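Please keep the sequence and the three-dimensional view at hand while reading.

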Amino acid sequence: MKCRVIKSTGNVYTAIDECGTEHLVRVKGKFRLNGSRSTQPVAVGDMVEIDGENITEVYDRKNYIIRRASNLSKESQVLAANIDQAVLVVTITMPETATEFIDRFLVTAYAYGVPVIIVFNKTDLYDDYCNQVIDAYIRLYGDNLKYTCIKTSVVSGDGIVELKGLLKGKITLFSGNSGVGKSSLINALDSGINTKVGAISDVHLKGMHTTTYTEMFPFYGGYIIDSPGVKGFGTVDIEPSVVSHFFPEIFDEGKNCRFSDCTHTKEPGCAVIKAVEEHRISESRYRSYLSILEDSSQNKYR
């Protein structure tokens, strides 16, 4: 029987068939060990074949969002599969989302064919400086890189109607650091979902994990996928030679480099380095590019 996985809680999954019946299923041991380098061989959003209480096959995915796993015994973690888009929830403070995290998520989504909406959440908490930072981010990611950017606040209601309109009829993954307000935002979009909401640590102003598993909820003809917050976002299976392909501004400027195989790190006649020096390419984006080049040899994002 063909089903869609709508919830993942460790080694137990909830799958729904075409009649809307839910089934609690597991991955058979032999299937689990079949060369999988992922923390879990099945992800929310996967289309699977089930036989009784067992998942016997995972059908080919049209796309997915993947990150380097924190579990050192495995290589990667698939956050969700077969999605129409992702919402990356970002905050400027309490907690602060690093631009490198944003860029790593965008690169992975670009590489695997997933459009991204960037949501700047908790705007009711921001002072003039924070609002200036948001405006700078929107100029970079919205005006220059053409990502859809929305300012939201669960408290004031800003942006909620606009965001809801972009989600109807689509399967959307919500992702971001712990504490950025993903669950509160989802609850504001549809009070019937009622996901668990957490608090911010007073010591480090970091989010504390409240969503402990990934779950898909029906939403106006589509689905919303709520996922646990993530601390870092290490890239997976992106060769150094093609990293620049997923930074459109670096790729375009790189066509003017002296050498066709320029890595844009130290070569003479590098048009990208010149563009960074002349502020035509963002320094933060360039730093993110350099950090991703290091991923194949370093474990700092595990």
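## Conventions

Helices (H or I, at least four residues) and strands (E, at least two) are DSSP runs, numbered from the N terminus. The model is a predicted one, in which local features need pLDDT of at least 70 and side-chain atom pairs count only at pLDDT 80 or more, while totals for chains, interfaces and linings use all residues. Residues are numbered from 1 along each chain as its sequence is written, and side-chain values use heavy atoms, with hydrogens and water left out.

## Backbone features in the loops

Most residues other than glycine have a negative phi, and most peptide bonds are trans. Y220, in the loop between β12 (214-219) and β13, has a positive phi near 45°. With 47% relative accessibility, Y220 counts as partly exposed; here buried means under 20% relative accessible area, exposed over 50%, and partly exposed in between, with a 1.4 Å probe and protein chains only.

N82 occupies the loop between β7 (76-81) and β8, and its phi is also positive, near 55°. At 9% relative accessibility, N82 counts as buried. The loop between β8 (85-90) and α2 contains P95, and the peptide bond leading from M94 to P95 is cis, with omega near -5°.

## Helices α4 and α5

The axes of α4 (residues 160-167) and α5 (residues 182-189) come within 10 Å and cross at roughly 85°. Axes are lines fitted to C-alpha atoms, for helices over the stretch in contact, with angles from 0 to 180 degrees between N-to-C directions. The two helices are therefore roughly perpendicular, a term for angles of 65 to 115 degrees. I160, L163, K164 and L167 of α4 make the contact with L185, A188 and L189 of α5, where contact means heavy atoms within 4.5 Å. These residues divide into 6 nonpolar, no polar and 1 charged; Ala, Val, Leu, Ile, Met, Phe, Trp, Tyr, Cys and Pro count as nonpolar, Asp, Glu, Lys and Arg as charged, and the others, Gly among them, as polar.

Within α4, the buried residues are I160, L163 and L167. Seen down the axis of α4, they fall within an arc of 65°, so they line one face of the helix; the arc is that of the directions from the helix axis to the C-beta atoms. The face turned away from this buried side carries the exposed residues V161 and G165. After α4 comes G169, whose phi is positive, near 80°.

## Nonpolar cores

A nonpolar core is a set of buried Ala, Val, Leu, Ile, Met, Phe, Trp, Tyr and Cys residues joined through side-chain atoms within 4.5 Å. The largest has 46 residues, of which I65, I118 and Y141 touch the most other members. Helix α3 gives the most to this core, with 6 residues. Apart from it lies another core of 19 residues, including C257, C262, C270 and L293.

In helix α8 (residues 283-293), 8 of the 11 residues are buried, so the helix is largely enclosed by the rest of the structure. Among the elements covering these buried residues are α2 (99-111), α3 (128-144), α6 (248-254) and α7 (271-277).

H245 lies in the loop between β13 (222-226) and α6. At 36% relative accessibility, H245 counts as partly exposed. Not counting residues up to four places away in sequence, H245 touches Y110 and F251.

Technical notes: Angles under 35 degrees count as roughly parallel, over 145 as roughly antiparallel, 65 to 115 as roughly perpendicular and the rest as oblique.
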